[in-house]
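Please keep the model open and look up each residue as it is named.

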Protein chains: 2
Amino acid sequence: MVSAIARPETRTAADARTTTRFALVLEYDGTAYCGYQLQAGRPTVQGEVEKALKALTGEAVRISAASRTDAGVHARGQVVSFRTSGTLPVEAYVHGLNHLLPCDIAVREAHPVATDFNPRRMATSREYTYSILNSPARSPLTARFAHRIAPLLDARAMDRAAQILVGVHDFASFASEIGGELEKSTLRNVSRANVSRNGAMVTLTIEANAFLRHQVRNTAGALVQVGAGRITARDLERLMELRQPGLAGPALPPCGLCLERVTYPASFEEMR
Amino acid sequence: MVSAIARPETRTAADARTTTRFALVLEYDGTAYCGYQLQAGRPTVQGEVEKALKALTGEAVRISAASRTDAGVHARGQVVSFRTSGTLPVEAYVHGLNHLLPCDIAVREAHPVATDFNPRRMATSREYTYSILNSPARSPLTARFAHRIAPLLDARAMDRAAQILVGVHDFASFASEIGGELEKSTLRNVSRANVSRNGAMVTLTIEANAFLRHQVRNTAGALVQVGAGRITARDLERLMELRQPGLAGPALPPCGLCLERVTYPASFEEMR
């Protein structure tokens, strides 16, 4: 008979009383990954972090995330969580994982949290940015993290139109139907939506309790229609009122999207 | 007998009266390249641009540059020049080359210039930035274009010390001797040197008529010694006065360095 201790793969079933739960804040360049979520035989952020955790702790650790970012999408403040029966100090998760992870994924912070901490369900808001390089010329120094649009965009008109989105609305028109599967409720609470210009860079910053699939990329696409003078803010409002998936857009490519921050009801320290 | 016209490789010897000279402003992410300068069998910026020009014009075109950036160094405003007997309009060099070049090299501008235009000799100044991410944590979103230093740097002290460098000085102490080969004169005129902090990003901006080999990276390294409190501004001044190659530094890695701009006595239009 093989003892459970000799088989680290089975340790995840260990008694909750002897395990600790940690939350990690991750930053990643999503360019090389087929998204956050684990897919067999393909590079994913979850796959890389779980592999590094296994090397560090000897346990087959399953992590859960605040947001399942799509292929090519970046993050500055993704939050993931896992349980471990290991006794490493919290700093070891920052330094150890940063040595083990590939250079395009990093752990910014690690915190011990309550054993029932759930990074997705307990999050009160997510903040994303969508970066647009508004330039007729290709730009290798920004191409990795910004989508380029050549015609001049009116960022102020985009910002004014974005205010229509603030509040509790049915955002069905901003969702993409993926394989016919649409979220049950399409009501979301957008607490902030701003578009600002810094030189050639036009940035949408949007915060909500949660987002529908492709909502930020569709929102950025619809605001570009406003910025290019193809539709008005009133048109955008009407699209929202029609509540039909796929109406507002088109979705801009993933490279410009970045999950900036996930907010919880209290600090990680207070949630222990 | 094969005519010269049927052999594009020989057309570069064409009569100067029938050729046009162009200047290109290039932006590139130098990460994947063994530097600007052509090296047989290795990826270089010059090699890629010459390959694209050959595909566009049918001619074996040799380009010359304002500055031979090292392996891994980036550029937002490198200037190169070449002569061609082709009759393509100037816009074709922007659009045609941008379709042919790899995604990490782009042509920002193309200008017809006088046939004796020399991008290196006629340049009156070069501006470089050196970017330092001053953070204890790895950052995949900035790692490509900034060197990370963990201990807190005093950017104001670095900026004050940088003022010592402004003016005409012998910068021998800031040069790296590469294979014992040192520039004949080590006098340079630094017209501007500033260090500023924006959040965790500490940026050195330095402009001079020309730079010695590794001068900017050695300068950034020496200023980091000041910012970390290991040497004083007065020490930096003494190092400069000693005029010994390799004294000031150490040279910081190439990823943080970017050739921002090359300045000429007049605009490209006025130099026709």
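1. Packing around a helix. The buried residues of α2(B) pack against β1, α1 (45-57), β3 and β4 of chain B. Those buried residues of helix α2 (residues 90-100) are B:A92, B:Y93, B:V94, B:G96, B:L97 and B:N98. Buried here means under 20% relative accessible area, exposed means over 50%, and partly exposed lies in between, with a 1.4 Å probe and protein chains only. Helices (H or I, at least four residues) and strands (E, at least two) are DSSP runs, numbered from the N terminus.

2. What kind of model this is. This is a predicted model, in which local features need pLDDT of at least 70 and side-chain atom pairs count only at pLDDT 80 or more, while totals for chains, interfaces and linings use all residues. Residues are numbered from 1 along each chain as its sequence is written, chains are lettered from A and ligands numbered from 1 in the order in which they are written, and side-chain values use heavy atoms, with hydrogens and water left out.

3. How the two copies are related. Two copies of a chain are related by a rotation about an axis and a shift along it. Here a rotation of 180° with 0.0 Å of shift along its axis superposes chain B on chain A, with an RMSD of 0.0 Å (the superposition is by least squares on the C-alpha atoms of residues with pLDDT of at least 70 in both copies). The two copies are therefore related as by a two-fold rotation axis. In chain B, the C-alpha nearest this axis belongs to B:R144, at 5.1 Å from it.

4. The interface. In this model, 24 residues of chain B are in contact with 24 residues of chain A, contact meaning heavy atoms within 4.5 Å. Because 100% of the interface residues of chain B are also interface residues in chain A, the copies meet through the same surface. The area buried between chain B and chain A is about 1700 Å², and carbon and sulfur atoms give 56% of it; buried area is the accessible area (1.4 Å probe) that two parts lose on being put together, summed over both. B:R138, B:P140 and B:L141 supply 47% of the area that chain B buries against chain A, more than any other three residues.

5. Which count between chain B and chain A is 0? The count of salt bridges is 0, a salt bridge being a side-chain nitrogen of Lys or Arg within 4 Å of a carboxyl oxygen of Asp or Glu.

6. Salt bridges over all chains. A search of the whole structure finds 18 salt bridges over all chains. In one of them, the side chains of A:E127 and A:R261 meet at 3.4 Å, N to O. This pair links distant parts of the chain, with A:E127 in strand β5 (residues 125-134) and A:R261 in strand β10 of chain A, 134 residues apart. A:E127 is buried at 9% relative accessibility, whereas A:R261 is partly exposed at 45%. Another salt bridge joins B:R234 and B:E237, whose closest N and O atoms are 3.5 Å apart; because these two are 3 residues apart in helix α5 of chain B, they are separated by about one helical turn.

7. Backbone details to check. Most residues other than glycine have a negative phi, and most peptide bonds are trans. The peptide bond from A:G249 to A:P250 is cis, with omega near 0°, and A:P250 lies in the loop between α5 (233-242) and β10 (257-263) of chain A. A cis peptide bond also joins B:G249 and B:P250. A:H214 has a positive phi near 65° and is buried, with a relative accessible area of 18%, whereas B:R243, with a positive phi of about 50°, is exposed at 52%.
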